[in-house]
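Me: I would like to go through some local features of this protein. Could you take my questions one at a time?

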Amino acid sequence: MPGYSQLYDRWRSNRLAYWEAEASTIDWDAPWGAVFDEQSGPYGRWFPGARLNTSANCLDRHVGAGAGERPALVWDSAMTGEQITFTYRQLRDRVAKLAGALAAEGVRRGDRVVIYMPMVPEAAVAMLACARLGAVHSVVFGGFAATELAARIDATRPRVVVAASCGLEPGRVVAYKPILDAALDLASHAPSACFILQRPQLMADLEPGRDHDLLAVERAARPHDPVSVAATDPLYILHTSGTTGNPKGIVRDNGGHAVALAASIPTIFGLRPGDVFWAASDVGWVVGHSYIVYAPLLAGLTTIMYEGKPVGTPDASAFWEVVSRHRVNVLFTAPTAIRAIRREDPGLAQRAGRDLTTLQAVCLAGERCDPATATWLQERLDIPVIDNWWQTETGWPITARFRGLGLTPFKPGSGGRPSPGYEVCAIDDDGTELPSGSSGNLALRLPLPPGCAPTLWNDDEGYAEAYLDAFPGWYRTGDGGHVDADGDVWVLGRTDDVINVAGHRFSTGAIEEVLAVHPDVAECAVIGTADALKGELPLGLVVLKASAADRDHDDVTRELVELVRARVGAVASFRTALVVAQLPKTRSGKILRRTLRQLADGEQVQVPPTIEDPAVVDRLRAVLARSASGHG
């Protein structure tokens with residue numbers, strides 16, 4: 001395989017020919033009329049006229065090629081102690097049967113199906129069954145509140161809802177069915193049926209005529225063949241938070257999605273058919289869609305689905321136990337998971353006794369990884385730690401280090417270099433390209449490559465307004481940062497995380513990077529708070545490592561203030577750091593900085609539905625109030 005520069009140059013020299021060649025790895029039912037149609041949709045559509053089936057490309061073609069007995073999906077539940085392996089043939093057969101059950105309820109090409117499931121194999125089976133029918137799935141993160149589930153039901157108007165009786169969290173069982181019932185009472189749209197996976201930990205009451213036992217209807221169904229769909233037909237809708245707090249329905253198409261994800265496995269992750277890949281995420285998030293379900297199966301890998309946590313199920317050895325048990329080659333997780341492990345086990349002592357010899361790399365995404373965490377992990381595992389930068393909207397990495405192309409240099413804090421298909425530039429507020437090393441708005445030159453969201457659900461105008469109108473000819477990522485002389489991209493945070501201190505602009509990410517260097521800090525967040533004199537002042541919130549729990553907080557915060565003064569300068573006016581027990585995060589591990597800003601400025605806080613632990617908000621409100629009154 002060529003090196004990174006050669007492959008990227010090949011794309012730049014003939015962009016359409018590059019993607020046409022990559023499309024040869026996918027089985028098509030009918031060819032495209034053009035590789036790209038710039039006149040369709042907000043910025044264009046890939047492979048118009050072509051036809052395929054994504055589910056058949058994930059399963060049937062591998063069975064047909066003689067790989068039917070290869071492990072496809074391994075489910076490992078730390079919550080139940082079970083591990084179940086499905087071969088490609090077994091997974092294909094289950095998907096075909098569930099597709100038949102959905103078809104018997106009237107689900108056809110273009111219909112929507114909402115999936116409200118925990119991390120169980122039936123979640124992946126349901127996604128692939130929808131794809132087999134040409135139906136559009138909309139996965140809602142398991143445990144979302146009834147109001148949020150109702151909003152997504154009304155937005156997508158599903159014919160069927162597929163759900164589970166419950167989810168399992170450390171120390172508790174979360175009843176899903178009552179949440180679904182409440183959501184259906186709130187929603188204006190009523191599905192014709194609900195398929196419920198009855199988990200033995202908490203069986204649900206089923207409403208006669210509407211609710212059906214998922215496993216029973218699957219067993220009784222006739223297998224359904226793959227339905228050929230247009231490459232430009234939607235595969236799924238995934239709602240993501242908008243800048244106004246209103247979720248946006250990100251659409252993913254079938255053709256471009258299959259091409260891009262299949263291409264990403266050998267180049268970005270350096271994996272081949274039969275290798276074992278573990279994305280330690282959730283199917284409710286884009287990483288789960290792309291790298292638990294679709295990309296690994298498109299590429300013929302064995303994919304791990306894990307029901308558990310990085311710590312607490314039972315301890316900080318959990319990840320290493322899964323890697324050892326299933327001979328994982330590449331682990332893909334979020335920086336917040338690694339920080340949680342580092343906080344509990346700073347020396348990685350709990351990996352003792354686990355065979356990690358198969359683990360070749362750890363990839364990180366979901367949020368920018370601070371340099372201290374990336375360096376710590378790479379030094380202790382002695383394997384590459386590879387940060388990636390991407391978004392729900394793009395569906396696959398914008399930047400990476402390309403393990404399959406020999407790896408670009410390790411630069412802690414950088415997301416790596418652009419994937420072929422992406423041209424990344426820092427531009428100023430007028431849309432002018434900035435020279436290398438200059439910070440600005442990170443933008444992607446149009447058109448976006450295959451696999452990226454072509455639009456929002458029923459909202460072309462909203463897509464253009466959110467992403468295209470601010471900088472004509474560019475996709476606005478909403479992230480700020482710079483591109484260095486080597487082409488490596490440095491993401492410093494969302495553009496709304498730039499604060500103005502007496503006329504000086506500072507990235508809160510840059511200050512966080514300094515705080516993270518402190519040996520006692522497990523994780524941190526910096527926000528801008530309103531100040532009558534200077535406009536804004538930075539405020540640091542830090543969580544200490546377990547080993548530093550007994551340290552005097554005043555000593556730690558004094559050291560942090562001195563550290564920022566030494567490394568950023570007095571001009572940053574960093575005077576306040578607070579030690580807190582926990583930061584507010586989404587269930588996918590992102591720190592809710594907008595919520596922190598609202599708390600710090602005494603504004604009314606609308607607790608986001610994605611928050612992992614709502615009680616954190618009240619605890620932080622008390623800490624910030626004590627600090628403001630001079631008693632904290």
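This is a predicted model: local features need pLDDT of at least 70, side-chain atom pairs count only at pLDDT 80 or more; totals for chains, interfaces and linings use all residues.

Me: How do the axes of α5 and α10 cross, and at what angle?

Reply: The axes of helix α5 (residues 121-133) and helix α10 (residues 286-298) come within 11 Å, crossing at roughly 55°. The two helices are therefore oblique to each other. The crossing in which α5 passes α10 is right-handed.

Me: Which residues meet there?

Reply: From α5, A124, M127, L128 and A131 meet H289, V293, Y294 and L297 of α10. By class, this contact has seven nonpolar residues, one polar residue and no charged residues.

Me: Changing topic, which residues of α7 are buried?

Reply: In helix α7 (residues 177-186), the buried residues include K177, I179, L180, A183 and L184. They cover an arc of only 155° around the axis, which puts them on the same side of α7.

Me: And which residues on the other side of α7 are exposed?

Reply: D185 and L186 are exposed there.

Me: What covers the buried residues of α7?

Reply: The covering elements include the strands β6 (112-117), β8 (160-164), β10 (172-175), β11 (193-197) and β12 (211-213), together with helix α6 (146-156).

Me: What is S317 in contact with, leaving aside neighbours within four places in sequence?

Reply: With those neighbours left aside, S317 is in contact with Q350 and R354.

How values were computed. Residues are numbered from 1 along each chain as its sequence is written. Side-chain values use heavy atoms; hydrogens and water are left out. Axes are lines fitted to C-alpha atoms, for helices over the stretch in contact, and angles run from 0 to 180 degrees between N-to-C directions. Helices (H or I, at least four residues) and strands (E, at least two) are DSSP runs, numbered from the N terminus. Angles under 35 degrees count as roughly parallel, over 145 as roughly antiparallel, 65 to 115 as roughly perpendicular and the rest as oblique. A crossing is left-handed if the near helix is turned anticlockwise from the far one by less than a right angle, and right-handed if clockwise. Contact means heavy atoms within 4.5 Å. Ala, Val, Leu, Ile, Met, Phe, Trp, Tyr, Cys and Pro count as nonpolar, Asp, Glu, Lys and Arg as charged, and the others, Gly among them, as polar. Buried means under 20% relative accessible area, exposed over 50%, partly exposed in between (1.4 Å probe, protein chains only). The arc is that of the directions from the helix axis to the C-beta atoms.
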